[in-house]
Amino acid sequence: MSWAYSKCQFFNLLNDFLVSVRTLSTFLMIATFSLESVPDLEKAMYLNIDGYPCVRLLNISGEIGCSNPGRMKVSAPIVKWESADNQVSQPSTFLIAEMKCRTSFSGMILISMVNSRCVHVLVSSDQSFAVKVAAVLVESKDIFKSSAFSPVGMFPQSEFAPYKSPNYKWNPTGSGIMWNRYNFPVFLLSKNSTLTVQEIVSQHGESNKAKPIDVAEFDLVMQTTKVGTHDSESCLTENSCLPLGGYSVWSSLPPVNTSAGPSKPLIFVMASQDSASFFRDKSVGADFPLSGMISLLAAVDALSRIDGLSKLKKQLVFLVFTGEAWGYLGSRRFLLELEMGADATKGLNNGSVGKGTSEGVTTLFAHAEMVTSGSKEILTALQQASASLSSENIKVNASSTSNPGVPPSSLMSFLSKNSSTPGVVLEDFDAAFSNRFYHSHLDNPRNINASSVEAAAVLVARAAYILAHGEMQPSPTLLNSIKVNASLVEELVGCLLSCDPGLSCDLVKKLISPGAVCPNHYVGVFLNQPSDTQSLANVDDTSRFVWNFLADKTSTSKGSNGRSTCPEGRCSAEDEVCVGMEADGEGRCVVSSTRYVPAYSPRLKFEHGSWRITGGHAADPMGHVDPVWTESYWNTISVRIYKVQSSAFDNLVLLGGITLTLLAYVTVVCTKAFLMKTLKHD
C-alpha cells in the first residue's frame, strides 16, 4: 500500500514538473516569435519618455543648469515627492506632483519653480538627504492651474542697466533658480509623458517588497563634465562647448540703398525674438518677447499698404533682435557693426504687449530713461495715435516717475552707447511686470490676449508714421487708413506660439521650409564662423521666417530685367533679395533692404576654426559685464523607464532555485530507487 502511494505521489510530482517545463517552453517560443531583434527586446523592456531637459550652460565665471554628475547614465527608482519625506533610503528620481512647497527637511532650502507644482532643488547643508536626489521629473501643468513662476531674477540682467538700482523688483515673481548649478538631471515631462508617469507611480500603491520597482534612466551627460571644463574660456579652448548666438534681422520701409546708407534721420522700431527658460527646448515666450515681435510684424504689414512712404521726412527701420535674453547679444552686436551716431536715431522698443487689455480697455505704458525733447516727441506720437483710436478704447500712459529707468529691454544697449538717445519702451505694465511667467516654460499663448497685441500693433504703426511724417501731423483720414489685419495677428500667434498649427501653418510654409512644427525661441548656438551673407543654411526657423516676412512686406517692386525667380537663392541686382525660395524651390526677387545681422558676444572672436574670448571692444560699453554665455556639447539626451525586481523578489527566486535543485535531486534518487525495485520485481 505504501509502495503504491509512493508511486502515485512520484508520478504526480513528475507530471507537475513536465507541465512546468511545457509552460516555460511555450513562453520562450512566444517570446522568440514576438521579439525578433534587439530593438524589439529594448522596446519591450524600456519605455521612452518625451520631454524637455535642463542643460548645462557656462560663462566666464562658472556653470549653470543641469547635467549628470559624471560620465555615466543616472538610474534611480521613481519616488513621488509628497510621499518622500525623510524616509527615502537611496538615491531617487523625484516626481514633482501638484502640491504646495514645503520646507519640512531640516537645514534644507527648497526652491520652487511653481508654488503649486514645485521643482524642488535641494541646496542644503544637510548632505545626508541631498545625496538622495538622483534626478527630478517635472509634471506638465496647465497655466491656469499654476501660480506665478519666473526662474530668472527680480531685476533680469540688472548689470546691463544704464542706471544703478540692482534691488529694484521689475519681476516680483523671479526666483533666480535658472542661474544655479545642479549636479543632477532635471527633465520637464510632456503632457502625454506626464500621464504615463503618473499612471506608473499610481500603481505603486501599498509598499510591497515583492513588486518590481520602476526606475528612470537619464542620459544627460554633458561634454564639459566629461573633459572637466567648467567655464566658457576653458570649454571654448577644449572645444567642449559653443557660444550662444543666432541671427537678428533688420529691414526698412521703404527700402534704402544699403551701399550708400540712409540719407534721412532714422526711426528705429524694435523688438526681440528670443526667450529663455529653465528647460532649453520649452522657450516659447508668448508675452515676452513674442507679443512685442508679433505686434511689430503686424505694424509693418499695416504700413506696407500705405502709399507715399518715400516722401516721409524720416526713414523707418525695423529691428528684430535675437540673443537679448543672454546679455543683449543682438542689439549690442548690431550697434557695434553699425557704428553710427545715435543723434540721428529715435527708438521705439516693443516689449510685452500681450496683457494690456482689461475690461475691454487696452492700456499700455511708455517707459523712458529720462524726460527729453526726443522722448516727449515719441510719447506725444503714441498719444496722438491713441487719440485716433479713441473708439477702440486704447490708452497710452507715461510710466511712473518713481521707476528707476527703462525696464529690461533692447533700448538699454542704445542708452549704454549714448545716454542721450531718445527712446521709449512700450509695455503692458507700469512699475512691475504683469507677466507672472517671465522667461518661463509656462509663458505660452494662453498667457496673452490677441486683442491686446492687435491694439499695440495699430498703435505702433500709427505712432511710427507720425514720427516719420515730420513736424506736420498727418491728417486724421490718413491715420485712420492705417489698420492692422486682425486675422494676421491671430495667424501669427498660432504659427509662432503653439504647436497647432505651429510652424506648419500656411503663412510660414509660404515663406520657409521649417525644421520643426513646434516653435521654440531659445537663441541657439553658433556652429561655425558668423557670416553677413543673406543665404544662410544654419539660421533658425524664427529668424528665417522674420527675414522672409519683412523682405516680402517691405519690398517695392519685383526683380529687374523681367527676371523674378531665384532658384539658386540669389538675385542679379544688388538691391534685390530672394524671398520664399525654401518654400517653392524658386523664390522671387524683390527690392528690399532686409538683412541678417550676426548676434553673438562682442567679446568673442572666431579665428583658425575656433572661438576665443577677447578683452572686449572699445565701441561696446557693456563688454566689461558680458558673461559670455556658452552651451555644452552632448551626444544624446534621453529618459527611459524600466522595471527592476526588488531584492526581496531576487531572494525569493534564489530560494525557489535552491528548492527546485533539491526537488530535482530527490526526483533523481526516487526515480533510481523505483527503477531498481521494478527491475528486481521483473
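## Cavities and pockets

On a 1 Å grid over the protein atoms alone, a cavity is a set of points where a 1.4 Å probe fits but cannot get out, whereas a pocket is an open set with protein on both sides within 12 Å along at least five of seven lines; a residue counts as lining when it has an atom within 4 Å of a point. A volume is the space filled by probe spheres set on the points, and the grid points are joined across faces, edges and corners.

The structure described here is a predicted model, in which local features need pLDDT of at least 70 and side-chain atom pairs count only at pLDDT 80 or more, while totals for chains, interfaces and linings use all residues. Residues are numbered from 1 along each chain as its sequence is written, and side-chain values use heavy atoms, with hydrogens and water left out.

## The enclosed spaces

By this rule there are seven cavities of 30 Å³ or more. The largest cavity holds about 140 Å³ of space, and among its 18 lining residues S272, F288, E324, Y328 and S409 are the closest to its centre. Two or more lining residues come from each of β15 (266-272), α7 (286-304) and β17 (345-350), where helices (H or I, at least four residues) and strands (E, at least two) are DSSP runs numbered from the N terminus. The lining of the largest cavity divides into eight nonpolar, eight polar and two charged residues; here Ala, Val, Leu, Ile, Met, Phe, Trp, Tyr, Cys and Pro count as nonpolar, Asp, Glu, Lys and Arg as charged, and the others, Gly among them, as polar.

The second largest cavity, with a volume of about 120 Å³, is lined by residues that include C54, I64, M178, F279, W326 and Y522. Its lining has nine nonpolar residues, two polar and one charged. At least three of the lining residues come from each of domain 1 (46-104 + 114-230 + 637-644) and domain 2 (245-550 + 595-627), the domain bounds being taken from an automatic or database domain assignment.

## The largest pocket

What is the volume of the largest pocket? About 1200 Å³ of space lies in it, and of the 50 residues that line this pocket, D281, K282, C518, P519 and N520 are the closest to its centre. The elements that give two or more residues to the lining are α4 (191-202), β13 (241-243), β14 (246-253), α15 (541-553) and β27 (630-632). By class, the lining of the largest pocket has 23 nonpolar, 15 polar and 12 charged residues. Because domain 1 and domain 2 both give residues to this lining, the largest pocket lies between them.

The 12 residues of α4 should span 16 Å at 1.5 Å a residue, and its end C-alpha atoms are 17 Å apart, which agrees; the expected span is 1.5 Å times one less than the number of residues. In α4 the buried residues are S193, T194, V197, I200 and V201, where buried means under 20% relative accessible area, exposed over 50% and partly exposed in between, with a 1.4 Å probe and protein chains only. Seen down the axis of α4, these buried residues fall within an arc of 130 degrees, so they line one face of the helix; the arc is that of the directions from the helix axis to the C-beta atoms. An α-helix has 3.6 residues a turn, so residues three or four places apart point the same way. The face of α4 turned away from the buried side carries the exposed residues K191, N192, L195 and S202.

The 13 residues of α15 reach 18 Å from the first C-alpha to the last, close to the 18 Å expected. Because 11 of these 13 residues are buried, α15 is largely enclosed by the rest of the structure, and the buried residues include R544, F545, W547 and F549.

A cis peptide bond, with omega about -5 degrees, joins L253 and P254, and P254 lies in the loop between β14 and β15. The bond from D500 to P501 is also cis, with omega near 5 degrees, and P501 is in the loop between α13 (486-497) and α14 (506-509).

Although H439 is not a glycine, its phi is positive, about 50 degrees; H439 lies in the loop between β21 (423-427) and α11 (450-469) and counts as buried at 5% relative accessibility. In strand β28 (residues 638-644) is V639, which counts as buried at 3% relative accessibility. V639 and D50 are 589 residues apart in sequence and 7.5 Å apart in space, C-alpha to C-alpha.
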